[in-house]
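Today I look up charged side-chain pairs. I want to know who pairs with whom, and where each partner sits.

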Amino acid sequence: MGMRSEIAAFLNTDLQFIKGVGPVLASRFEDVLGGRRVLDFLLHKPAYVRNRDIAESVAGVDAGTVITIPLLIKSYKKPKTAPWMKRARAIRVLCADKMGNSVVIQFFNSKFVDYWLEKLPIGQWRMVSGKIEAGEPPVINHPEFIETMENVKKIPTAQAIYPSGEGLTQKTFANVRDQIFSKLDSVISDSDDEYMVEFFDALRHVHFAKASDDLLPNSVYVSKLAYCELLAHQTAIAISRRNRTTQKNKKIPRIQKHNYLDKFYKALPFSLTNAQQRVLDEIFKDMDGDIPMMRLVQGDVGSGKTIVALIAALKMAENGGQTALLAPTDTLAQQHFAKIKPMCDNLGIVCDILTGRDKGVNRREKLTSLRSGRTKVVIGTHALFSDDVEYKDLGLVVVDEQHRFGVNQRESLRAKGKNVDLLALSATPIPRTLSMTMYGDMDISIINEKPAGRLPIKTTKLPIARTNDLILRIKQQVDDGAKVFWICPLVQDENGIGTAAAISRHEMLRQIFPTAGLVHGQMPKAERDKVMAEFADNDSDMSLLVATTVIEVGIDVPRASIIVIENAEQFGLAALHQLRGRVGRGKIQSYCILLYGYNVSPDGLKRLDVLCETDDGFVIAEQDLMMRGVGELLGTRQSGWIQYHFADWREHRDLFKLAARAACDDNTGVWARDLMNIFGCGENISA
């Protein structure tokens with residue numbers, strides 16, 4: 001970092017070295033924060049503030065309200081236990097408030113009965129803070145704070161509540177926060193860098209927020225942090241773009257050595273669309289130039305991006321160079337390979353696949369072929385840029401499903417060759433204003449036309465109450481040879497909230513469709529891939545596949561003509577559009593049925609109406625951006641997307657523009673480079 005080494009070292013300290021944390025809690029923090037450094041904690045914004053103002057009485061307090069109240073401990077009832085009891089009864093402590101109203105404090109873990117009774121001695125007053133539950137008398141289950149009257153100040157009147165996970169309490173978050181800021185104050189106390197002091201002061205105000213309003217996007221300190229975050233990303237993008245045009249990064253134009261494209265076009269059983277040809281012209285111009293290509297091709301589901309990428313790879317092969325096509329999943333890599341290899345074979349071009357499955361002799365042979373330059377097109381997953389993978393003359397990298405790979409990953413790929421051209425593909429249409437901000441280091445091409453003969457998918461919405469009628473109609477279609485996707489938002493409904501769960505739905509549907517398959521993210525990957533492959537096989541008996549969103553990207557089943565999406569109101573429009581694109585890939589009429597739940601909101605129905613009215617992915621993306629914001633449009637925690645901690649597209653549009661302008665003006669100085677490291681967008685970019 002450009003900051004003083006002491007601050008940099010502290011920000012990168014593993015949380016296990018914070019007092020009271022240790023390796024076990026640090027691992028739990030990592031699951032929630034996405035990292036286990038002090039910096040990861042600092043970038044984890046509280047969700048809201050819980051007020052704990054002291055009340056005098058429980059009278060008139062609604063159930064579900066968090067209350068902080070002095071209570072007189074009157075008596076207690078220990079649970080009776082016996083070896084045959086599956087669960088011990090609760091510990092009940094009868095109390096009274098200052099007005100004489102009865103209150104019961106209740107604990108369910110009998111192992112700690114003596115501990116609780118020691119904290120609540122009969123005849124004494126204690127300040128208790130927790131949620132009031134309905135009952136006669138009212139009940140407080142497991143209070144969050146119990147303090148003597150002398151230690152009332154230990155109960156925060158305004159408690160920042162963090163998004164948490166298993167095994168992490170809010171008290172743990174508060175303890176770690178307090179220790180971090182105590183140390184932070186000491187290491188920056190003598191700093192003369194006003195930007196640094198202001199940045200960490202804003203972080204302090206957010207982590208010690210006094211009210212939930214202080215955590216809103218337009219609050220003073222969240223806005224300051226949002227601007228810093230946006231400046232970091234825009235500076236990284238600006239540097240990346242400038243680096244491409246420097247003399248040392250310019251490439252030597254290649255000379256054509258073979259003639260593959262003419263043969264390919266003659267053998268192609270269809271004509272390219274005007275949009276595909278226009279995009280190819282833009283790609284070829286980049287490839288023939290002396291500046292390395294950085295182009296993003298956006299195209300709706302089924303617009304023909306893959307064939308465009310293949311033609312670019314053939315042009316690179318004509319010029320003697322190698323192409324690596326990176327797919328986000330093993331399944332998608334296998335499908336690309338199955339389609340592309342026969343075409344390459346017909347032209348005499350060696351095409352191979354490299355994934356994490358390749359081991360031993362098989363892997364060594366593939367690596368040797370790449371290193372020698374014999375393999376001209378290689379398709380695979382992240383294995384393509386493992387340390388032991390070497391290319392003789394890597395000239396083009398194609399990244400499929402661009403939204404899963406970020407700036408740093410793009411740079412890592414390009415580092416496998418010298419001034420490599422990069423072509424990124426995205427089936428997630430992004431509004432132009434957003435794409436220019438997210439991908440300012442890339443030129444953008446749009447395939448806005450679908451191949452001839454593709455029938456629009458007919459989309460309808462139905463209430464969940466009509467599920468049985470729907471199943472009967474689907475049974476008729478399956479008997480006629482159709483294949484069906486049935487999508488559920490959850491693997492299983494552990495909380496009993498009534499949301500569709502794949503496991504239980506699969507059990508039910510198997511009574512009608514005995515060969516129905518099931519895939520979800522908790523299955524072993526090999527088993528999941530096997531089920532998907534069986535469903536995709538035209539000759540298999542599997543006519544219906546129950547799945548979670550693991551099938552959103554990575555499976556192509558031309559015979560699939562129906563997709564049912566349960567609790568569709570819980571998905572964003574962009575996600576629904578992607579799911580819908582799993583059907584309609586053949587020449588038969590396809591259907592998408594959106595099942596909505598009993599408690600659907602007006603906004604939820606409005607989203608479904610948009611999907612029923614249009615199949616234009618760019619229109620849908622614009623609507624989704626306006627309705628749900630950039631976080632929902634891009635998905636949560638998808639590797640590669642910029643995961644904003646403080647910035648919000650809907651609320652901070654002006655800040656996006658200001659940050660982009662500041663980065664382009666190159667007036668940001670050392671502090672912007674520090675921010676690039678703080679927000680993790682500068683590791684693979686040299687200034």
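I started with a pair inside one helix. The model is predicted, and I kept that in mind throughout. D345 and K341 are four residues apart in helix 11, so about one helical turn separates them. I checked the side chains and found a salt bridge, with the closest N and O atoms 3.0 Å apart.

Then I turned to D352 and K366. Their side chains form a salt bridge, 3.7 Å from N to O. D352 belongs to strand 11 and K366 to helix 12, so this pair ties together parts 14 residues apart in sequence. I noted that both D352 and K366 are buried.

I also looked for salt bridges with shared partners. D14, E30 and R36 are joined that way into one network.

Which residue does D330 meet in a salt bridge? I found R357, at 3.5 Å from N to O. I looked up accessibility for D330: the relative accessible area is 7%. That is under the 20% cut-off, so D330 is buried.

Last, I ran the search over the whole structure. How many salt bridges does it find? The count is 23.

Note on methods. Residues numbered from 1 in each chain as written. Predicted model: local features only at pLDDT ≥ 70, side-chain atom pairs only at ≥ 80, totals over all residues. Heavy atoms only, no water. Salt bridge = Lys/Arg side-chain N within 4 Å of Asp/Glu carboxyl O. Buried < 20%, exposed > 50% of the residue type's maximum accessible area, 1.4 Å probe, protein only. Helix = DSSP H or I, 4+ residues; strand = E, 2+ residues; numbered from the N terminus.
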